[in-house]
Amino acid sequence: MNASQNGHDGVEPNVGPTPEGEPEFRPYHHPAAGWGAAKSVTRVLVGEKALVDGPRAIMRMNHERTGFDCPGCAWPDDTKGLHLDICENGIKHVTWEMTGKRVGPEFFAAHSVSELFEWSDFDLEDQGRLTGPMVYDPESDHYVPISWRDAFELVGRTLRELDDPNQASFYTSGRLGNEATFLYQLMARELGTNNLPDCSNMCHEASGRALTASLGTGKGTADLKDWETTDALFIMGVNAASNAPRMLTALAEAYDRGAQIVHINPLVEAAATRTIVPHDFTDMALFKSTRTSTLNLQVRIGGDMALLRGMSKAVLEQAKTDPKALDQEFIDRHTAYFDDYRAVCEATSWDEIERQSGIDRDGILKAAQVYREADRSIMSWCLGVSQHEHGVDTVREIVNLLLLRGNLGREGAGPSPVRGHSNVQGNRTCGIDHRPAEEFLNRLGEVCGIDPPREHGMDTVATIQAMRRGDVKVFVGMGGNFALAAPDTPYTYAALRTCDLTVQVSTKLNRSHLVHGRRALILPCLGRTEKDHQRGGLQSTSVEDSMSMVHLSVGMKRPASKHLLSEPAIIAGMARAALPDSATPWEWYIEDYDRIRDTMAQTLDGFEDCNRRVRLPLGFRIKQPARELVFLTPSGQAEFSTAPLPDVVPAPGTLALGTMRSHDQWNTTIYSDDDRYRGIKNLRTLVFMNEDDMRERGVSEFDPVDIVATAKDGTHRRLDGYLAIPYDIPRGCAAGYMPEMNVLCAIGDYSLQSDQPLMKHVKVTIEAHA
């Protein structure tokens, strides 16, 4: 298998472990979760030798006030006091962090960077936890130990010597807690830059921009109690069983109480069929499964907006004979531009809606009927909706549909985006934003005594492009695996190598440590599961889930090494070195994180009195004005949008390809080469295709194929020798795994609406391997 480039300067497509056998494909027909999940968890606990610490962690994870927040997804904690509010992937993530394996100076002395670059990404992370700070030595091509003092001084000196603070960029992955997040953005802005890219720039940026434009708030308005009372759930572009497995409980409970559940996705994922919830011991003992859907619609890739437009059109047509189909009172009192939207729906033909969505009219009418007959509806979505050129328009179309029947500002209703990583939403709340609001900057300056810059900074794509030009010389990554997560892998590698200094704050060895600048630091931090002792005693951090609940997380385990520092302490150390004359009390903040939260309470809307409220059962929920029917939009009302439908039908001979995660994967971390819910074993270098598309190309199951992507600028990127898998996916569509397929998404292929890379809509040709 070949990517567009190979070797030390190119792409390493082998991210997973060495396959244990021949590739297998057996379509999955079992319930999601259940005994399959239990078997997988047992295998993980045995493999990581965590038969004691693992169960202890399971009993502490996601427990209010005394437990630690799962470092995986951002699904809210159970509101009913469930003692096993856990899932298979959360346990994998925790045991991955709690491994007994260690990566210390001896390891780096034995292996050069050039050698490690040839290892698979699985093998890199499988070495275990980093134990102390390391600096790259170009003469020996090895990482060597460095003291924390000297590491901070290297960062500080390099930042102080920049001609312009905008020559530095400070990236954040979703795992960073709120307190560290606040200090991180404070450091960047005191330095004088808003270059604060984050993983949301690649995932849910479209959701935030769309919700802000329509409702005046960048977050969903529904909470978990709304999910427990709604009459209809519409789940769009979500692979819940892998990406938010605890959602399965909500889906099963919704079905049991008679709610309608409509899944809209090109693939019928396992979560859209049936489940056995593992903590329901009776169902487990009886092998009793519960359905998790009442209707599945396999929309073409990118066709969600057309489907939504069709549902709105159907509701509006029904309203001509049945006025109750609309909530006209709500529309008149709380919305703007309804007449314009109605005209757009009337002008959009059914033929065009069917062609663009890939769903026939009968299917669309079924979904519209579910929506129309439900008194209260929730619409939930993930990256299958947002990672498109027209992602903002599609999310605004979701809001349009909700507004027609007043599904906002009342129990059991509203928009509900599914954020991926734990605390990615909290990052944005606490200031990680390259386009900060003027009001926030004014408050930050007043409370913290700094003069924050007003000029917008760079997001993820712009940062990569600026590094490649040499305009960004320092890159700091707080968590994550930036080199592997970003688009256009060869371009991103070259960009990072152009930097004067790259700094990676991490728990484990990964690709980003090997794709580095002329100087490079690895700064190891505490994990979410570990105790964080500071001068003021054992510390807690706060996180925000995908439904705006903020709660505390307290580690339970002794740190993997005595040389680890917490993320807030690392940020404070870098800040003091870079800003030696700063009046900010960096060291004082680190002594007691309550002090950070007190400053946050004065600075952040919704965090008032947070030190008291965050210690309440389940923490506190940040107010969403739109939930109270207060709309911070130019009109002061919820605004209908009138965007035209995009043309998403692939040109003859081409396919629309979407990248996705396997089940045995969390972001760029690969646990195995298996994908249980899609029936795959021992294989990641594959492409799922419609059988008719395969037949048209003379391709059979497991035949090698060459995939060529054509970028907006006409350039090409390719992956050769991937194996074709026949799958239930619409004609003209294909799918495969990230990060291997990130190479196909050109750096210039990003949405003009959200600036997100088009990971879910890559235009490709696929032919039998030459």
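What follows is a short chat about the overall fold and one tryptophan, W588.

Q: What kind of model is this, and how are residues numbered?
A: It is a predicted model: local features need pLDDT of at least 70, side-chain atom pairs count only at pLDDT 80 or more, and totals for chains, interfaces and linings use all residues. Numbering starts from 1 along each chain as its sequence is written, and side-chain values use heavy atoms, leaving out hydrogens and water.

Q: How many helices and strands are in the chain?
A: The chain has 30 helices and 33 strands. Both are DSSP runs, numbered from the N terminus: helices are H or I with at least four residues, strands are E with at least two.

Q: How much of the chain is buried?
A: 66% of the 770 residues. Buried means under 20% relative accessible area, exposed over 50%, partly exposed in between (1.4 Å probe, protein chains only).

Q: And contacts? What share joins residues at least 24 apart?
A: 79%, among contacts between residues at least 6 apart in sequence. A contact is heavy atoms within 4.5 Å.

Q: What box do the C-alpha atoms fill?
A: Roughly 75 × 60 × 55 Å, along the principal axes.

Q: Switching to W588: which helix is it in?
A: W588 sits in helix α27, residues 586–591.

Q: Why does W588 count as partly exposed?
A: Because its relative accessible area is 42%.

Q: How far is W588 from E329?
A: Their C-alpha atoms are separated by 54 Å. Along the chain, W588 and E329 are 259 residues apart.
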